[in-house]
Structure formats: structure tokens, C-alpha cells
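Me: I'm new to this one and would like a quick tour. Can you walk me through a few spots?
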Amino acid sequence: MNNAASAVPVASAPPLKRSNTYLVEGGQTLASWLLTTDHKRIGLLYLFSILFYFTIAAVAAALMRLELITPPGDVVSSETYNKLFTIHGTLMVWFFLIPSIPAVLGNFVIPMMLGAKDVAFPKLNLLSWYLFNLGGLLATYAVAFGGVDTGWTFYTPYSSTYSNSNVITMAAGIFIAGFGTILTGLNFIITVHKLRAPGLTWFRLPLFIWSLYSTSVIMVLATPVLAMTLALMALERIWGLGVFDPKLGGDPVLFQHLFWFYSHPAVYIMILPGMGVVSELVTCFSRKPIFGYHFVAGASVAIAILGFLVWGHHMFVSGQSVFAGLVFSFLSYMVAVPSAIKVFNWTMTMHRGSISLATPMLYALGFIGLFTIGGLTGLFLAALGFDVHVTDTYFVVAHFHYIMVGGMVTAFMGGLHYWWPKITGRLYPEKLGQLAALIMYIGFNLTFFPQFVVGYLGMPRRYHAYAPEFQVYNVLSSAGASILGVGYLLPLIYFLWSVKYGKRAPDNPWNATGLEWQTPSPPPKHNFENIPRVDKMPYDYSPEAEERMVHG
Amino acid sequence: MAEARSDLAEQFVEMPQQREASVLGMWTFLSTEILFFGAMFMAYITYRTIYPGAFAEASKHTIVLYGTLNTAILLTSSLTMVLAVHAAQENRSNWVVRHLLFTILLAVAFLVIKGLEYHQDLSEHLWPGPHFKPGLPPQAQIFWFLYWSMTGLHALHVTVGIGLLSVMTWMARRGRFSALYYNPLDVAALYWHFVDVVWIFLYPLLYLINRSS
Amino acid sequence: MTFPINPVAASKIARETDYLYWGLLILSAVIIVIVFGPIIYFLIRYREGKPADRTPVRLPQNTIEITWTLIPMFVMTGFYVWGARQYFTIERPPPAAMEISVVGKQWMWKIQHPEGNREINELHVPVGRIVKLMMTSQDVIHSFFLPEFRIKQDVVPGRYSTEWFKADRIGTYHLFCSEFCGTMHSGMVGRVVVMSPAAYEEWLSKGQPGSTLVQSGEQLFRELGCSGCHSGSSVVRAPPLEGLYNKPVPLTSGEVVTADEAYLRDSILFPAKQIVGGYTNDMPSFQGRINEEQLLQVIAYLKSLGTVPPGLRKTLEDSR
């Protein structure tokens, strides 16, 4: 099998010279970065890219919240407002959230967690990044020169016939970026199947891998459907062909079925990786193995599968049949169960642990809190009779922001802080980190909790001007948004600061288990001099660990 | 011939691992292609269920001779592809090249016939839009939209396949394949068979609705 | 400064939705306590450096996992049933409703009462009466949202959707479009004015245009030439329409469909789509010659026509 010499991993490898890290080895020219096939460099390239798109989308959000302080639409025109929320949605979903943890942290960490030297197809990995940015460039062009005003959901016939904006350019951008996503997912799947170190069986994999594997399966199966759906919509727009046009007997609701068949699983692409990060953080900062390893791993797979079966819950009032509504509502309740299992298991992991409130752990706890609230409101939305009232209102907006921002972005921040020493070889300032986490948590709740209330009161989403009785909650929300902004700006500043001035990081600053911590900080280009051998379950923070994880 | 160590990419530890990874990778890619075509198949199923009469009538205007010929051509090309892989397994590289060239020839023939067919379809105004052939129900345009987009996407995949197989032929001529290493050929063959299978579904759905009447 | 948390409830369904809301809120509070409680407790009790008993406990793990899988599933099924029952009530209009037609277009709501009264962005209704809305769109997808009644339904071009409510308090309430429909989406708002029956009758008579919905439909039926084929004295053989509404119709394909509003609309716009058994494909399409409001008037007229005539009855019997 493995004809390389098997080496027992050393607790911390001998200190490497700076010139031997991946940041230096392989070249230091721009070309060496733009043509790299090193998964670690590609992860960093993605980090810079998503920061760019995040900034544009965040500015759009800031303008929206500014407009919404007062009921009349007096800051921007209606057309501009519609373009702002479209920019915000499309860029945040496709060009920030979907790549975030997988393409940045996943790319960086997965091969190391598996004891591998790189992903299965490094050149394909670089191609993914280029496809992502080609798509992103088209999207940015569409946004900068005329804008798009259909909302990120592109419902027909507005998008295919009536809108006078750069729909096709934006659709093309998402289409191309989608292939980047597909290739990344494909790469991760094969890497996990084929590049595991000797002894690293499936049930010894860290839970981050289980989450990312499940995410990759969704990426690979769902994204092509989106690509084709957007292509059909664009073709109808270009040639006036009536696939969704009722005047020719087409069905506009068919678009919704095809669109949500992808977009619901897509939201699981946007949460599963976050859950994977949380599993890593909760174990490390409780100094305990995960409670219920098999169930947490199985829950990831269950979420991926069930996630494909619930798309109709976005369409309860669309004209879908009552029977379909019944089926989708029931399955939506069922898909909540594996998520609940994860939350319970994380909680029990902390029992009798030794808990540190370092910044990554603060983010993990923030995730558990905010994701629980977001997930609970999912139960509200799954109730058919309730959804009729709140669908297409701010209640839904609050729900998905709790999950995507309160959940995924928080986990991303947690993971970034956790692996930052490994990625850069530097420590970020811990006190500032804790402060930023707190600010973010307060700002987030102030921004989005009032939106649940104003949604139930009846404020529809995508409204530029609104009825006066909704104002008090909108003011609270906008105030929260400015605090949230500070919470995100702080890490940007101190992370950049730390690259040059931060304390040098040891190889394993958190004393965490996991193969990625067996490498120097930052690692050399090929990660491991010798492929390590694994003979234990992950999160082995105490001797009785493995026994307990398997037998209870 | 001894296993060429330079064929082993650095992220892999041994040759079987690399081979398994690339085959699994291609199967995964093909599953994405199934979902990609699948969305259009879903649209087809939806509209054919709602408008069976219009679809049957619209389908009568497809040129079943060309469709049938193309089916036979693609099936044969899958055979020659299998023979190419088999020849590699038996270390007969000149037959690898020959079978690959047959496959490419058949693929080009497919595209030529498709081109002739498209030309004739267009001259009959079977392009959906304001100038669509009169006398057909409006939903026939939905059928024809699906015809053009599904066969067009398929033809695109055939074209990509020709490029892929050309590269394989070039590699085979330079002696890159042997019984111990024919990985790229394996993976290219998988892709080619997929292209064939998609056509097997397209043919009856587009050409054979209600031909018996 | 007031912090309202739910809008006025103007119907029984609204109140029932509020109960469901409270039920879900209580469930959420319980779950938050169950989850956050232990977390906060562990954070304090087992904080690093704090002396505590950290010896690992042998717990019956599988039992625990299965328990906290099954209990949530059970609880969720309960809320599923609650929500589903409410949904049935919302989506199934009771009979004997007064039917009002609604046509949404960018960016206004055009409403017509059976008596013929037209409104733009306003809907006057009597309290205590069951109101059923028959809705369609002229262009893109809209949605007719009445927050105080806790109902909405997408208004889709090319098909009819329905929504019903029974107001039980007099007042003025919001009407919002709640499916993004373009530039003035947030301006596509209006009011529902619920009046006493007497006030409603007065309002109707003050605004009477002259023709009821049915009368307008009848006029169109003649002007567009429908009566040319679909009347007893015609030379062209066309299916009779008296008493047709909601009856089963056998088609040439062998299928039997129901002559509901959607069928009637499709027959006028896409006659070749479904041909009645025993007839041929001769009817011309009226697409482009009749708009959505006029279609609703013609359909109202057709619905008002009487019993099943002998000819159609025989066709129906032959097909069985």
C-alpha cells in the first residue's frame, strides 16, 4: 500500500526557517501566486477575492439600511434600491458565502487534516479560482454598469421579459462561477476518498471533513441545475422563447421549481461548513472529544440528503398544490432534526470539559446561539398556516440572516481566527479578537431581531418605502447594522496588522489535535515531510476518549 | 515497459491511487452533467405532460432519418472507444490510435449530419419566435425550443469530446499509453460513453413521439 | 413610542394564525432554555482553571441520541399538523362566497365587484361576508397580501389564483403587493375597507357604473362574436356553454377535465389546447383581443348561464 516510510507524527516538528514556508517556497512573484497549484496559496487567493465581493455587497447593504431609517424612499430612487438589494443578494450568496469556508478554509486545511500533500487535482483547483473570478468579474461589470434589479431569485417573467437591466451578464457570471464551485466540490470529494493518510478511516475523520464532504456533494449535484435554469431564463430573454412565458403556454412557476431545487440545497452549502468549523472549535476549546461523533457525522449526511427534498417550502403561496405543500412542510420539519442533534451534541461536548473563552470559542458559542434562533424560526416558517402570513416579509429576511450571517459568517470568523496562526505564522491580538466578537454579536442581534417583529407586523421584503408604523423597528435595525459593521471592520484591521506585527505563532498555539497542527506554522509547500499515520479517533484530548466516543 | 515514475503526480503516493482518483473524479463530473441535462429533461417532462398533443405534432417535423442515423453512429463510436481502451490494455498502441481515429471520424460524421439537419430545420422555420412555422399549435414552440437547446448542448459536448479524443490520439501516437498506464484514455472513454447515453435518451424523446400514427 | 408585535386581527383566521405564532414562540422559548441553560451553566462551572469534577461520565450515548432525535421529531410533527390544518382552512374557500375579481399589473391592483363597481388599489367589502378573490396578473408575478387577515396568495400571469377571507371587524386595513414585481413594487399598496352591510350597499349604489360584471361579460360575448358559434341558431358546430361551469368535459384525447375558470380562460386564449370530444379544432384564439379584466367578465357571464342543455348531457353520457 504505502511504500513511503511510515512515520509517527511528532508533537511539534522542528522549527522551520522562514524561507521554507509555502509563502516563500514556490516563488514570491505575482506570477508564482497567480499560477500556483498549492492548495494553501489558492485558499489565500480566494480569501482576497471574496473580500472584494463582500465589500461591494456590504456597501449595498449599508445604503439599504440607510434608506430604511425613514418610511419614504428618499435616499435613493426605487430603481436604485432594487438594484442594491439584488447586488447584495447575488454577491453575498454566490461570491462570498458559498466560497467562504470551503474555498478559503477548506482548501487550506483539508489536505493537511487528511495528511496529504495537496488536493487530488491541484490544477483543477486553480482553474476553479479563475472560473470563480471570471464569473465575479462579469457580475461586477453587470453591477457597475447599469445594475440588475430582479432580486437574487430572478423570478420569471420579470427577469426574462420585463426587467430592463443587465440580467444576462449577471446570469452568465453566476453560471461561470458555478462551474468553479462544481470543480471545487469535485476536488474535495475525490481528495477525501483517495488521499487519506494510512490508518485514517472514514470514522476517524475530523467532523470538519464530514461537513465539507457533505457540502461538496451538494455543490456537485445542485449547482448544475442552477446553471441550466439561469441559462434557460437567459435564452428566453435573448430570443423571446417561451419556456416560462405564459403567453406561449409556458409556466412561470416552473422556473421557481427549478430555481429552488438548487437554491434550497445551496443554503445547506452555506451552513454545513460552518457546522464543521464549530465541531473543531468546541472540542478544542473544551479540551474534550465530541459527544456523539457518529451522530454528528451522520447528521451532516442527513442534512445534505434531506436538503434536496424541501425546495417547495419557498413556494407555499406560489400556486403550488396543497398536497405538495403538505409534503414539503413535513420534510422541512424533518430536515430540522439533524441540525438539532448537532446543537445538542455540541452542548454535551462542553459537559465536564475545561472551557476557554478564546476568540474562536466565542465565535463558536455565538454560532450556537444565533444558529439556534435562526433554526427555530425555520420551524415557524415550515408551519404552512403561519408561512402564508410571513412569507415574503421581513420575517424570512431575519430568519435567513440569522442562519447565514449569525451562523455561517460567525463560524467563518471563528475558523479564520483558529487557523490564522497556521496560515500566516502570526498571532492576532487576542483581546481585540474577543472584543470584536462581542461587538459583532450585539450588533447582529440588534440588526436582525427587530426584523422578525416587523415581518410579522406585515412589512414585506424588497420594499423601498414602507408604512409608517414599521419605522421604530427599522431604526433599531439600522442602528444595529452600524455596530455590526464595526464588528467586522475590527478583525479586518487587526488581521492585516498581525501579518507584519503580530507575535510569531508556535506550530500548535491551541494545543489542538488534528494532523494540520502537526505541521509548522506556516507549513512548508508540501505540508508533510513524511505522510503521518493515524491510529486514533479525532479530538483525542484524554485517554479514555476513543472508548467513550464509540461505546458511550 | 516499466511504470513511468514521472506519470505519478506529486500529491499521490502510488499509481493505483492516482488511477482510482481520476476515475472517481470523472464519475463525479458525469453526475454533475446528469443534473445539468436533467433540468432540461424536467422542463421537457413538465410540458409534454401538459401538452401531449402539441408535442406529438411538433415532433413529427423532426427528421427521423437523420436522428436514427446519428443514433447508429454514436453507438458505433462507443464500440470503437471501448476497442481503443481494450487495445491499450493489450499494449497494442497502433490499434489504440486507429480506434481513436474511427471514434473521432464517427463523431465528426454525427456533427455533419446534425449540421445538415439543423439547416433543414431552419429552412422549415422551426426556430421558435415570431417567424415560427405556421400551422402548428403555439406550444409546439416550447418543444422546438427544447429540441434546439438539448441537441445543441449535446452537440457542444460532442465537440468537446472530439477535442478530448484528439488529444488522446496525439498522446497515443507518442507512445504515452501502455498496459500499465492508460488512465487518461479510461477517463476520456467514460466521458464519451456518457455523451452517447445522453443521446440515447434524447433520440426517442425528440424524434419518436407518436411516430406510429 | 410603541412596540407593537402583531397587527390587528381582522378575522378568525388571523386570530388562529396568532395562536400558532404564540405556540411556536413558546416552543422556541422552551428549546432556548433547554439549550442555552446548560451551555451557560457549563461555561461557568467548567471554565478552564476552575476546579471541578471533570472525570468522564459513562453515559448511555445511543439512548440519549435516539431520545433527542425522536422527541423533537414528535414535537415537530405536532406543529406540522397544526400548521397544515390552518393551511387547509386558508386555502379552501367555503361556498356561498361573494366573488370579486382582481387583476394585478405593474404597479396597481384593478378590482371589480360582481355589481360592476370598479376600484383601483382599494377593496371595499361588507363585514361578516365571505369574500373570495379571483385573481390574475397582466404581466409579472405579484402577490395579494392582507396582513391584518394574515393571508396572501401569489398572483400569476397565465393562471387564476384564489384567496378568501371573512372580515369580522369594521375598519381600514393594509393591502401590500408581496412578490417583487419591478420598480414600483413598494408602491403597489392599497387599503381594504371593511364596512357595515348597510354602508357597503350605499357605497355600491353610489359608484354604480351601469353594468354588472355579468352584464359586461354578456356584452363582450356578443361583441367578440362568441355568440356567433356558441348559440343554438349557429351554423357552426360549437359546444354549448349553458350550465358548463364546473361540469366535467370529455376531450378528444379521452381525458375528462373540469370546466373551471382556468379551463374557460384557456379555451378562449388557447382553444387548440383542449378540444371537446366530438368537435373539431375550429375555434380561433382571442389572445390579444381580450384583456384579463374582460376575460374575468366573460367568465362571470359564463358562470351565470343555467342548466345543462340536452345536447351536452348526451355527449357526457356517451363518454361514460
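Reply: Strands here are DSSP runs of E with at least two residues, helices are runs of H or I with at least four, and both are numbered from the N terminus. Keep in mind that this is a predicted model, where local features need pLDDT of at least 70, side-chain atom pairs count only at pLDDT 80 or more, and totals for chains, interfaces and linings use all residues. Residues are numbered from 1 along each chain as its sequence is written, and chains are lettered from A and ligands numbered from 1 in the order in which they are written.

Me: How many bridges join strand 6 of chain C to strand 9?
Reply: Two, and the strands run antiparallel. Two strands pair if DSSP finds at least two bridges between them.

Me: And which way does strand 6 of chain C run against strand 7?
Reply: Antiparallel as well, with five bridges joining strand 6 to strand 7 (residues 151–155) of chain C. Ser143(C) sits opposite Asp154(C) of strand 7. Four residues lie between the strands of that hairpin, and Arg150(C) takes a positive phi near 60°.

Me: Is strand 6 of chain C buried or exposed?
Reply: Five of its five residues (142–146) are buried, so strand 6 of chain C is largely enclosed by the rest of the structure. Buried means 20 or more other C-beta atoms within 10 Å of the residue's own, exposed means 12 or fewer, and partly exposed is in between, with C-beta atoms placed from the backbone. His142(C), Phe144(C) and Leu146(C) point one way, Ser143(C) and Phe145(C) the other.

Me: Switching topic: how many residues do chain A and chain C bring to their contact?
Reply: Chain A gives 67 and chain C gives 73. Contact means C-beta atoms, placed from the backbone, within 7 Å. On the chain A side, the largest share, 14 residues, comes from helix 11 of chain A.

Me: What about chain B and chain C?
Reply: There, four residues of chain B are in contact with four of chain C.

Me: At what angle do helix 5 and helix 6 of chain B pack?
Reply: About 160°, with their axes 10 Å apart. Axes are lines fitted to C-alpha atoms, for helices over the stretch in contact, and angles run from 0 to 180 degrees between N-to-C directions. Helix 5 and helix 6 of chain B are therefore roughly antiparallel (over 145 degrees; under 35 is roughly parallel, 65 to 115 roughly perpendicular, the rest oblique).

How values were computed: Contact = placed C-beta atoms within 7 Å.
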